[in-house]
Amino acid sequence: AGYLPDEAIEKAFKLQIEKINDALRYTFILSFESYVFDLGQLLEKLKRKGFVIPKNKIWNAWRNVETKYDTGYRGINATIISSQGQKFELQFHTKESFQLKMKTHTLYKEAVSAKTSAVRKNEIIQMMVEFSKSILIPKGVTKI
């Protein structure tokens, strides 16, 4: 009565793994001027090579700018699945949005910590939104 059968452990383990999409993470720094075009080209190349890009696994943070969902993050993150079923995350940034991400990473880690109070999380998000105001939005990116 004090242990779980192997099948239950394996099932629980698989459920947890399904939630993890960014154990492997790669970042592309795209030109501001051709960000949307370059992003489209990269995603098409991946599809032609047999990678799967689930539509519901693309997060376009550029769409959140100046909305109630704005956290100050600027970029697009996509979960990609290889032909062998390996999940990984690709992040697409401009040079400036990547610099912002690196500048605010410590704040982000604090904001997502279970130890951080709701009040502090809100303060952090407001700070990150303020930092992000200088980041230009690539033309057409909110339509992706």
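**Loop residues and pockets**

In this predicted model, Glu66 is found in the loop that runs between strand S2 (58-60) and strand S3 (76-81). Glu66 is not a glycine, yet its phi is positive, at about 60 degrees. Because its relative accessibility is 75%, Glu66 counts as exposed.

With a relative accessibility of 29%, Phe32 counts as partly exposed. When residues up to four places away in sequence are left aside, Phe32 touches Thr94, Leu136, Ile137 and Pro138. Phe32 and Thr94 are separated by 62 residues in sequence, while their C-alpha atoms are 5.6 Å apart in space.

The largest pocket has a volume of about 490 Å³. Its lining comprises 21 residues, and Trp59, Tyr73, Asn77, Tyr108 and Val112 lie nearest the centre. Strand S4 (87-93), helix H3 (95-112) and helix H4 (118-132) are the elements that each give two or more residues to this lining. The largest share, nine residues, comes from H3. By class, the lining of the largest pocket consists of eight nonpolar, seven polar and six charged residues.

The second largest pocket holds about 210 Å³ of space. Residues lining the second largest pocket include Leu39, Gly40, Leu43, Glu44 and Lys47, as well as Ile53, Lys55, Ile58, Asn60, Arg63, Ile76 and Ile144. Two or more lining residues are given by each of H2 and S2, and H2 supplies the largest share, five residues. Six nonpolar, two polar and four charged residues make up the lining of the second largest pocket.

Notes
Residues are numbered from 1 along each chain as its sequence is written. This is a predicted model: local features need pLDDT of at least 70, side-chain atom pairs count only at pLDDT 80 or more; totals for chains, interfaces and linings use all residues. Side-chain values use heavy atoms; hydrogens and water are left out. Helices (H or I, at least four residues) and strands (E, at least two) are DSSP runs, numbered from the N terminus. Buried means under 20% relative accessible area, exposed over 50%, partly exposed in between (1.4 Å probe, protein chains only). Contact means heavy atoms within 4.5 Å. On a 1 Å grid over the protein atoms alone, a cavity is a set of points where a 1.4 Å probe fits but cannot get out, and a pocket is an open set with protein on both sides within 12 Å along at least five of seven lines; lining residues have an atom within 4 Å of a point. Grid points are joined across faces, edges and corners, and a volume is the space filled by probe spheres set on the points. Ala, Val, Leu, Ile, Met, Phe, Trp, Tyr, Cys and Pro count as nonpolar, Asp, Glu, Lys and Arg as charged, and the others, Gly among them, as polar.
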